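Subject: Structure for you to look at

Hello,

Please find the structure below, with its sequence. My notes follow it, grouped by topic.

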Protein chains: 4
Amino acid sequence: WGSCQMLTIKGINTTVGQEQQAGMKEKQVLEDSEMHLARRDTEGLFQEQPEPGNQYLEDTLLRSYLKTHLPPKVLEEVHQDLERFGNHLLTKIQPLSWECELNPPVFRQFDAWGRRVDHIHTCSAWRRMKEISAEEGLIAEAYEKRYSNWSRLYQAVKLYLFSSSSGGFSCPLAMTDGAAKVIESLGIPEPLKNAFDRLTSRDPEKFWTSGQWMTERRGGSDVANGTETVARKQPDGTYRLYGFKWFTSAADSDMALTLARIADAEGQCTQGSRGLSLFFLRVRDEEGKLNNIQVQRLKDKLGTRQMATAELWLQGARAELISAEGRGVAAISNMLNITRIHNVIGAVASMRRMISLSRDYARKRVAFGKLLKDHPLHVQTIARMEVQVRGAFLLLMDIVRLLGLAETNLASEQEQLLLRLLIPVAKLYTGKQ
Amino acid sequence: WGSCQMLTIKGINTTVGQEQQAGMKEKQVLEDSEMHLARRDTEGLFQEQPEPGNQYLEDTLLRSYLKTHLPPKVLEEVHQDLERFGNHLLTKIQPLSWECELNPPVFRQFDAWGRRVDHIHTCSAWRRMKEISAEEGLIAEAYEKRYSNWSRLYQAVKLYLFSSSSGGFSCPLAMTDGAAKVIESLGIPEPLKNAFDRLTSRDPEKFWTSGQWMTERRGGSDVANGTETVARKQPDGTYRLYGFKWFTSAADSDMALTLARIADAEGQCTQGSRGLSLFFLRVRDEEGKLNNIQVQRLKDKLGTRQMATAELWLQGARAELISAEGRGVAAISNMLNITRIHNVIGAVASMRRMISLSRDYARKRVAFGKLLKDHPLHVQTIARMEVQVRGAFLLLMDIVRLLGLAETNLASEQEQLLLRLLIPVAKLYTGKQ
Amino acid sequence: WGSCQMLTIKGINTTVGQEQQAGMKEKQVLEDSEMHLARRDTEGLFQEQPEPGNQYLEDTLLRSYLKTHLPPKVLEEVHQDLERFGNHLLTKIQPLSWECELNPPVFRQFDAWGRRVDHIHTCSAWRRMKEISAEEGLIAEAYEKRYSNWSRLYQAVKLYLFSSSSGGFSCPLAMTDGAAKVIESLGIPEPLKNAFDRLTSRDPEKFWTSGQWMTERRGGSDVANGTETVARKQPDGTYRLYGFKWFTSAADSDMALTLARIADAEGQCTQGSRGLSLFFLRVRDEEGKLNNIQVQRLKDKLGTRQMATAELWLQGARAELISAEGRGVAAISNMLNITRIHNVIGAVASMRRMISLSRDYARKRVAFGKLLKDHPLHVQTIARMEVQVRGAFLLLMDIVRLLGLAETNLASEQEQLLLRLLIPVAKLYTGKQ
Amino acid sequence: WGSCQMLTIKGINTTVGQEQQAGMKEKQVLEDSEMHLARRDTEGLFQEQPEPGNQYLEDTLLRSYLKTHLPPKVLEEVHQDLERFGNHLLTKIQPLSWECELNPPVFRQFDAWGRRVDHIHTCSAWRRMKEISAEEGLIAEAYEKRYSNWSRLYQAVKLYLFSSSSGGFSCPLAMTDGAAKVIESLGIPEPLKNAFDRLTSRDPEKFWTSGQWMTERRGGSDVANGTETVARKQPDGTYRLYGFKWFTSAADSDMALTLARIADAEGQCTQGSRGLSLFFLRVRDEEGKLNNIQVQRLKDKLGTRQMATAELWLQGARAELISAEGRGVAAISNMLNITRIHNVIGAVASMRRMISLSRDYARKRVAFGKLLKDHPLHVQTIARMEVQVRGAFLLLMDIVRLLGLAETNLASEQEQLLLRLLIPVAKLYTGKQ
């Protein structure tokens, strides 16, 4: 027989013994005391909760990877920054992400006087995330190339750490990175110089995020057939876009890249992917007025609720053609490759976080008489997951290493082909994992 | 070159041709018209949405199973009822489940004057679901045994159809069925006769649902060690329970079965599963006052938000001992077996619904130039899922067939052993599927 | 010196005396006990809350008015019905009104697939209010004229009692009554016979409520200049309405009366009040499809949140002309008079309820050493309010008495003029009160 | 006959003329065009909305008051600051107040693991308001006395401007000012020095706000009889408070002043106002842990929803006695006087804002053929309100002028008596206005 803590602790037995002598009132008191103590005691019987620490310092595989691959001088600087960043994530960024979770974006279509305003209200914490992204150079790092071919990998590591502690802000960053890459690969033409500078800025005042408006109502994977948006050339050389974009993530962004079909003088346009061209547009003008865009509604999503995803009507939105005519799909493929890599980053970071929490919990939680970590089947399960995420992590690192080489013209032809092959495969594979 | 529908339909080309002659104002009108027409046109370009029909009539496997197995007379009656029920699900029950989704339960701990009330407000639609469950005999059918050993299977089929169209009400039904089974297996002792009659009633006025309060803060799978609730015997032979229940689904139920440790005169109680006894309690008394129970909060769940799951303090709740002392785990195992079967029902029903919607959608949705159903890889994927769900369905049917035999003393010893073995395996397996 | 209940009740003093001998652990227990008891004691120190009873039985002025004025036979029937209705309000209707408060209407503009649906979802309790209104004959009573000239007064008394216990459902009833009155005063022309029967039905299945769409964006009091809606005659003699209604209460109604300007063949229409004609329209067709109406949004109101008030686009809504051309304002004035009276009913009922609660509270609440009712200044304040509401009540009764006479052709010319004068004055005056 | 703009503008008449010749399809197009144009046209028919400007520059009475009363040098500095502040209110502070309105405080009683946390989550904008209050010296100004006897008036003017543009943050400032005043009037004893420095700091990092916990469940105006909280002296000279505070505004404050009854060794305490003493306490300790305080719930208020008002259990909260024993009511009267003045400030500022918006609107809104401002009755109404608010404003200014004199020992005895008399009268009078 074990002893029943609830009643024996703290000498309450004696009071129970006196019960017979006391009148009803005292008895009530004692029973209440007992209830109270019962409550007090059980209040101690909580499970401990898993606690993440500095996610850089605790990630031995990441640290050993960096140690093995980075040149010593780069390693030293990067290590210092990542340690600091790891603390920053824990103490500042994680709480902001919780605030974002509590205050999802709110869409207001009309003002009190009935005027259409289409205002997407985001919370202060979300806007602070944007500033932090600039300050930490989460996009800039990859384009400044301070560490030559290692800059891309360094950026990816920061995004990897950022991903699990920043709620939904990884998504606008993915598209922002993709847009910067597209513009860079177009040689940063003069009309896009300002945009490029802003996308890759470390200055929170200047920093822009970009949307990527691909999906239309009939689209999805089948961009070539599903894109119905029409572009009509204007006398000044710009275009006006007409159409409906069905799923535009980060609808609070400053600019967007999007596909449309250019109509000829007779109003004809080419179907299929050969008809698609790539356009750049600002979402709002300098006064904050929408660029002939109407927001139909925000998506009522199951997850990623921190981020405003909208359905948009383009009703003559001014845009600039930035690919060759009919070469839109080719031009945007750079964006897709970058966002695919961000997808891999997010997938691996999530897996890493889950295992990290599970492992911590296994050291605290008792079931069937011992800690979870002392149950062989539990350890086996975690071990299998650990192996899987390690493989995925190394695949990710190799992809961004190759990308870094390619971006600094250090990649062999085979490495370039390998990179091209690995990106979609890794996205699919880690996404399913 | 294809023609760009947006601009050529309905003779707008000519207006475009007149553009040069018109002044600015007219031009504006025309552009607006164009915008408007663009909008009109794209408004037609929706995907069709998958539409479920009568889920009984469309389920050929279910119908062929019933045809093969049920005696002709039973089949005839059952078929009529299920066809009617299938229509009822589509037109009445499904809309109620949407209303439940829109109006999840709300917990109010205090009234305006500061008094603790612990009121869980459920919406009218949820309360209507309870009435429907009684009217349809979703529990009663299995205990009335109108069709002898086939009654349990017939009940399971109704629950299977009900499951995907009724939002979260399957959960209270599972526990209600389990409680009825426990009481039946105890021989329906006199003090539980009223409860049994209500749990198995077809009268909405009489019908009760039951909770199953198993999980405590340190519990989970490890009921034997995780249960801390203490029961103290009262002079009148009833018990008062003290403890904290961490996850009590369907907290708006009328009664509950729960485990606790009986304290002896010295306040000692036995640890481990040998210390656990099974208790029956009413949640509220006749006036609606809580039975010395406090609701700490409703769980903020990711899914099944229609149903109130609560954390409860038992602070001297009056309860009746219904198992032999120390035989609580054995006594409640009947409940667990029934709720496990309900879990299988829910899992198979969900898979069936998903495939049914996917299949319908594959006949409507065009991608890459043809319907999804004409893409071999898509068909292969659905075919694999279909095979899986068919297997799971037949496993479910066999379990409830065996259960029906066992409940009418028609099962051989081997069938009884098989049933015992299959239930937990099927729960795990279909749950993972 | 008074005694400090918190510490002396229930012999805790002795435990305090033992404090020195006990080690830290025991001390903690005792302090906790003390905290606990402190809590228990203060838990008793609540104010009592005011409780309304049967609002008919408790309203001595109302009862004495009826006794004085109604013929004995009418009084007998009416008394029985009102006593029953008073209980029904307390036990059934009041709880429904709280449920309506908890579940305000929700507007859904698009379905999940992007189709515009403009669905205003109201809760079950709100829909139940509509059924009760029919069952209780809250509109029917005035048109059936079972009690000749007293029927209108009887209806008004029921509405008066209903008003404070039914949340926001008085509003649709006011407009429904007004619409019935307009149709009746037009002689119930054949095309409106069905509508009239439904508005005045006691059958919940048949019963319709009506909206009154007056206010446009530039309107408000100035209907004559503020109404921009245009009506275009169709070959079949019906009209299509184009315009924007800025504040349409009870937007979930079945039908509406509204004003518009008829355009002639050249598209010209008359400005000012001479240009306004009255139209009848159904909000939805038999299949539930909106009658070329778009809901822009629900109003985000400070009060009356139970009721859906909407901004509506009429985009060719089919309507029937029911006044002479240009006589819209004259034709709708019957509606305005009825809704003005409903406004008086609501104002007087609210004042009555406030005083009734205040009076009850004054008998329960102690301040500065005695009950509120024993503070002369408090009694003076309530007495002044009581006098005011009595005057307002008698004014209301006299208006509906006169209306009853007028509606049964028993009113003298002077009474008719008096009625015409009193209605707007009473609306303004009781509204300000 | 006027012309019906909707149909004649922009040459649509001709298209209407062609209607007969066109087939059904074209007709549909034209009707749709018409609908579209109808919509476009009415889209222009909005009322203009009233727009507040710089509320200091536009307030001629305030400016003339300052000009008349302030010494020229003070006036110069104050004018510059107020003009800047007026702009800041318009462009920065007003938007923050809207964000606060959108994100009211959220109370979380338990964490995900079931631990009681009692966390009141306020939004970033609310926390920014606190920083701004420090930066602007909204409390500090009155205690630094840079402008001698004019400092208090200067502070009051800033609060007056701040009040209507800052949502609910005036409330914590009122109590913070009151707490500083109490501590100052006690001679800033050493244990309160830190608190005083923080309450009167301009440094956002240091700045504290204070609560004032007066109302208990039986209290209200009758503090003397309604206060049940008990204080028990601890060996170290501090006290522990036990009781329930029913309405504690700004429950997110850093500290509070509160009343309690000191229990003697026998656990007895004095009833009535003579038994009340004043205590100072910190709400949380340095680690953010609540000072033996439990938050029962946030009040579900009709207005001032931006601000967290809570019901609090004091369960042994550590506190310091800061008045003489039994002199609590006298000591806290300084706080009440200050908060009464803040009440006057808020009342006058609200009236001023309402009239300012009404006046602007009267210059924009047309009804019955002319602007509101050209309707004599409308102007008369506004003029009466204007006179009323001017009187109230001058009363407020005179009170804070006298307070400034009293606080710098420049007030005559008569002025002191006048001040004492005016404060409660002005609070009552302007509050009712």
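Predicted model: local features only at pLDDT ≥ 70, side-chain atom pairs only at ≥ 80, totals over all residues.

Start with Val366(C), which sits in strand 11 (residues 366-367) of chain C. In sequence, Val366(C) and Glu48(C) are 318 residues apart, yet their C-alpha atoms are 9.9 Å apart in space.

Annotated regions of chain A

An unreviewed UniProt entry gives the annotation "domain: Acyl-CoA oxidase/dehydrogenase middle" to residues 212-315 of chain A. In the model, that span is 43% strand and 4% helix, and its end C-alpha atoms are 17 Å apart. UniProt, again in an unreviewed entry, places "domain: Acyl-CoA dehydrogenase/oxidase C-terminal" at residues 326-430 of chain A. Here the make-up is 81% helix and 4% strand, with 32 Å between the end C-alpha atoms.

Helix 12 of chain A

Does the length of this helix agree or disagree with what its residue count predicts? Helix 12 of chain A covers residues 328-362, which is 35 residues. At 1.5 Å a residue it should span 51 Å, and its end C-alpha atoms are 50 Å apart, so the two values agree. The expected span is counted with one less than the number of residues, because that is how the rule is set. Helix 12 of chain A also has a bend of about 30°, located at Asn334(A).

Salt bridges

How many salt bridges are there over all chains? The count comes to 135.

One of them joins the side chains of Lys181(C) and Glu407(C), with 2.6 Å from N to O. This pair links distant parts of the chain: Lys181(C) belongs to helix 9 (residues 170-185) of chain C and Glu407(C) to helix 13 (residues 376-407) of chain C, 226 residues apart. Lys181(C) and Glu407(C) are both buried.

Glu216(C) and Lys245(C) form another salt bridge, and their closest N and O atoms are 2.7 Å apart. This pair also links distant parts of the chain, with Glu216(C) in strand 4 (residues 215-216) of chain C and Lys245(C) in strand 6 (residues 239-248) of chain C, 29 residues apart. Both Glu216(C) and Lys245(C) are buried.

In chain D, the side chains of Lys364(D) and Asp360(D) meet in a salt bridge, 2.9 Å from N to O. Lys364(D) is partly exposed, because its relative accessibility is 23%. Asp360(D) has a relative accessible area of 14%, so this residue is buried. Salt bridges can also share partners: in this way Asp59(A), Arg352(A), Arg359(A), Glu386(A) and Arg390(A) are joined into one network.

Aromatic pairs

Over all chains the structure holds 36 aromatic pairs. In one of them, the ring centres of Phe244(A) and Trp246(A) are 6.3 Å apart and the ring planes are at 50°, so this pair is tilted. Both Phe244(A) and Trp246(A) are buried.

The aromatic pair of Tyr65(B) and Phe393(B) is edge-to-face, with 6.3 Å from centre to centre and 85° between the planes. Tyr65(B) is in helix 4 (residues 60-69) of chain B and Phe393(B) is in helix 13 (residues 376-407) of chain B, so the pair ties together parts that are 328 residues apart in sequence. Tyr65(B) is buried because its relative accessible area is 6%, and Phe393(B) counts as buried at 2%. In chain A, one aromatic cluster is formed by Tyr65(A), Tyr160(A) and Phe393(A).

Cysteines

How many disulfides does the structure hold over all chains? The number is 0. Take Cys171(A), which is in no disulfide: the nearest cysteine sulfur belongs to Cys100(A) and is 13 Å away. Cys171(A) is partly exposed, with a relative accessible area of 23%. Cys269(A), with a relative accessible area of 1%, is buried.

Regards

Key: Residues numbered from 1 in each chain as written. Chains lettered and ligands numbered in written order. Heavy atoms only, no water. Disulfide = S-S within 2.5 Å. Buried < 20%, exposed > 50% of the residue type's maximum accessible area, 1.4 Å probe, protein only. UniProt positions renumbered as here; feature names shortened; annotations may be inferred. Helix = DSSP H or I, 4+ residues; strand = E, 2+ residues; numbered from the N terminus. Salt bridge = Lys/Arg side-chain N within 4 Å of Asp/Glu carboxyl O. Bend = angle between axes of the 7 residues up to and from the residue. Phe/Tyr/Trp six-rings, centres within 6.5 Å; stacked < 30°, edge-to-face > 60°.
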